[in-house]
Amino acid sequence: MTTLFTGRIRPLSPASEDLVEALLVGDDGRIVAVGAIADLAAKDPSAERVALDGWAMPGLIEPHGHPGTAAVLLSDRVLDLRPVVLPDAESVMSALRVALAASEGRPVYASGWDALLQRGLPDPDMRLLDDLAGATPLAIVHNSGHSAYFNAAAARLAGVDKDTPDPAGASFGRTADGELSGVALEAAAVEQVVTPLLESARADIVELLGAHFADLSCRGITTVSDLSWNPALNQVVDALRAAGRMPLRLRWYEMSRPGGTPAARPSRASGVDGGTADAEDDIVRQIGVKTWTDGSPWIGNIATSFPYLDTVATRGLGLEPGHRGASNYTAEELHGIAEPYAAAGWQLACHAHGDLAIDETLDVYERLIEKHGLTDHRFRLEHVGAMTAAQFARAAELGVTVSLFVDHITYWGEVLVDDLFGPERGGAWADAGAAFAAGHRATFHNDGWVTPAEPLRNMAVAETRRTRSGRVMPAGTPVSRTQALAAHTTNAAWQLFSEHEVGSLTPGLFADLIVLDRDPLTVPAEELAEAEVREVHLGGRRVS
């Protein structure tokens, strides 16, 4: 049966921002027509009518998420220490002590440690965690996800010792005499430390992932990507779909492995790369491959041409005056990792924060593009905190697309300027306006559990460049409302090779729509950030 949705509708199509009265949706979940109620009713007088209570717009798209990991880290299996939950050091340490006292020797895993926002936290080395937890295994994941801290008992449980080799692109901290220091740096090492947690969650992963997907849906997200997806979770998704519990679309990227031999990329859907329509799954499918050129600004391991400031905060991170971070790989190593995936036709997505890391990644991308004669590759740069206007321009010329972590401004804006990089470099962090000015179809994201899933706030902060305390960043360029909305709708769909399916309320696309309590195009930025999501529809079917 066809459905006629009526109300105040913002299609946000590339051709028009005009308000329309109605959407006619076919029984396949795709939009048949958009326009006036009378005209669409005449097209199909038998269509079921559904009145939308509020302002409708396309469903929001999270182009850089981590639901497969966030489903565990945000569950009751993990102690939530994030600064958005526990704002100071005292509350963090108190929560750890309470959890350890109640554990009865069972392992305690926590996530969200952030010494830059939770001022006064001690150095979380093995000695501290041994004193705190004793024989109880304790592992704490940093809020960025780029490091973890663990005691001796957690190391034994994970099978990590002083002879454990450093994974490619990652490392275990070691003391002067070669013993473990209790620190894991970068994804592959962190993964080893928390493997027992992930294994213990496996029995309940259907419920955990289902609950997380439901939460994302309630926030207005109708398509989410996962930039570190474990393909073993595909069976979990199959179970959720069979149970009617898949309220959004998933686009996933596998983690790159040095020496990997990927399968060739299947042909893309109609309208992309000149392919023809095929049997691609419109709910779940792989889009590309993810790797990491550098790390996190919050722990000192992003590759920059400029030093960190010498401040109380940076000294608290253990950084020496004049510290500069380094890339996880040399350019040749990065090229060697990316080459087989590019040759197989996969989109590459690479985490790069520092300006040197961005240059290195663009150099590798350029070599791959030229070698393989790539055109519509849409290679991605992720987060790009310190990316400059010149680098945005170079990326655009290469056909490389960018996704910015603009919510860093909300939570760490003052830290970036006052503690880490100063008003010029820190003030221009996540310069979305410069990306759009260079011609990018830029997107915004929240990076899984790192900040709350709040795409509407992303749009607002990209417009205002204002922190939670109300301070305006001293550099960088605001975006327009049209650009902000596109970042989580049409641009995100294009970045995920899904523009033939979603991103706007346009005939031929799926009727993935949300209903807000206010007009997303005209309200002030501060009001947009606080908008309530009243309804969520996927393919014309209400899911939240």
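How many aromatic pairs does a search of the whole structure find? The search finds 7, where rings of Phe, Tyr and Trp (its six-membered ring) pair if their centres lie within 6.5 Å, and planes under 30 degrees apart count as stacked, over 60 as edge-to-face and the rest as tilted. One of these pairs is formed by F306 and F421, which are edge-to-face at 5.6 Å centre to centre, with 90° between the planes. This pair links distant parts of the chain, 115 residues apart: F306 lies in the loop between β14 (284-292) and α9 (312-316), and F421 in helix α13 (residues 407-425). Helices (H or I, at least four residues) and strands (E, at least two) are DSSP runs, numbered from the N terminus.

The model is predicted; local features need pLDDT of at least 70, side-chain atom pairs count only at pLDDT 80 or more, and totals for chains, interfaces and linings use all residues. Residues are numbered from 1 along each chain as its sequence is written, and side-chain values use heavy atoms, with hydrogens and water left out.

F306 and F421 are both buried (under 20% relative accessible area; exposed is over 50%, partly exposed in between; 1.4 Å probe, protein chains only). F421 also pairs with Y308, in a tilted arrangement at 4.7 Å centre to centre and 55° between the planes. Y308, in the loop between β14 and α9, is 113 residues from F421 in helix α13, and Y308 is likewise buried. Together with W429, the residues F306, Y308 and F421 form one aromatic cluster.

Charged side chains are found over the ring of F510. R30 lies over the face of F510 at 4.0 Å from the ring centre, and the charged end of R249 sits over the F510 ring, 4.2 Å from its centre. The criterion is NZ of Lys or CZ of Arg within 6 Å of the ring centre and within 35 degrees of the ring normal.
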